[in-house]
Amino acid sequence: MDQHQPGGVSTLAPPTAERATGVPAEAAAPLSSYDATLRLTDLPDRDRDLEPAELEALAAAVAQQPETWEHLVGFDGEQRVYASLHRDTHVDLWLLCWVPENDTGWHDHDVSSGAVAVVRGELVESNLTLLAGARETSVAAGSVFSFGPDHIHRLNGARHGSVSVHAYSPPLWRMGQYAVDDAGLLRRVSLSYADELRPID
Ligand SMILES: [Fe+2]
């Protein structure tokens with residue numbers, strides 16, 4: 001079965017190994033190809049963490065349910081506005097609002113997989129190569145991408161007024177923020193999920 005094929009909870013069967021790494025930003029899938037009526041209560045096997053393909057379906061569904069997040073959308077100068085939509089033992093959901101000044105800096109999600117559904121505007125995901133530096137991928141409104149816990153990236157709001165829905169499993173608890181120290185060495189700083197990601201000077 002095509003992993004983007006709509007069809008309710010049947011799309012959320014435990015994924016195969018090749019689906020476990022997620023859909024990269026350069027192959028972001030249209031939100032409209034996911035079931036817009038899926039609810040958290042529809043998720044099967046809620047005694048386990050979710051895989052990237054399942055997080056895609058969840059983020060894509062919530063993104064298509066503006067009644068669950070529209071009242072939380074806001075923009076506040078250079079501060080990124082974010083709001084928790086849900087958090088339980090196995091998954092958390094966030095709404096993020098972006099202006100072009102917002103920049104997460106390089107980070108990982110520790111042991112969590114994740115999915116990002118862009119609802120409005122456009123985000124830029126950057127991935128870091130050792131030989132060629134940063135590789136940027138634009139993700140337009142109406143698409144979703146996902147990743148496993150091995151993923152390192154940086155997100156920016158490409159346009160004022162961009163909005164995205166993020167799903168993580170297990171729920172974010174610690175994250176790694178990367179910085180280059182005075183000696184030029186790359187270092188990882190462990191942050192709480194409650195800390196706002198931003199570049200470390
Ligand atoms: Fe991230």
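Let me begin with the largest pocket, whose lining residues divide into 10 nonpolar, one polar and one charged, where Ala, Val, Leu, Ile, Met, Phe, Trp, Tyr, Cys and Pro count as nonpolar, Asp, Glu, Lys and Arg as charged, and the others, Gly among them, as polar. This is a predicted model, in which local features need pLDDT of at least 70 and side-chain atom pairs count only at pLDDT 80 or more, while totals for chains, interfaces and linings use all residues. Residues are numbered from 1 along each chain as its sequence is written, and side-chain values use heavy atoms, with hydrogens and water left out.

The average pLDDT of the protein, that is, the predictor's confidence in each residue from 0 to 100, is 88, and 90% of the residues score at least 70. Over residues 1-18, however, pLDDT stays under 50. Where pLDDT is low, the predicted coordinates should not be read in detail.

Back to the largest pocket, which has a volume of about 240 Å³. A pocket here is an open set of points on a 1 Å grid over the protein atoms alone, where a 1.4 Å probe fits, with protein on both sides within 12 Å along at least five of seven lines, and its lining residues have an atom within 4 Å of a point. The volume is the space filled by probe spheres set on the points. Among the lining residues are Trp106, Leu128, Arg154 and Tyr178, and the largest share, three residues, comes from strand E11, a strand (E) being a DSSP run of at least two residues, numbered from the N terminus.

The second largest pocket holds about 160 Å³ of space. Of its 14 lining residues, Thr21, Pro24, Ser146, Phe147 and His151 lie nearest its centre, and strand E8 gives the most to this lining, with three residues. By class, the lining has five nonpolar, six polar and three charged residues.

Now to the metal: which residues coordinate the iron ion? They are His107, His109 and His153, each through NE2, at 2.1 to 2.2 Å, where donors are N, O and S atoms within 2.8 Å of the metal (3.2 Å for Na, K and Ca), and since water is not among the atoms, sites may look incomplete. These donors follow the spacing H-x1-H-x43-H along the chain. His109, in the loop between strands E4 and E5, and His153, in strand E9, link distant parts of the chain, 44 residues apart.

Are these two histidines buried or exposed? His109 counts as buried because its relative accessibility is 1%, and His153 is buried with a relative accessible area of 1%, where buried means under 20%, exposed over 50% and partly exposed in between (1.4 Å probe, protein chains only).

Definitions and conventions: Helix = DSSP H or I, 4+ residues; strand = E, 2+ residues; numbered from the N terminus. Contact = heavy atoms within 4.5 Å.
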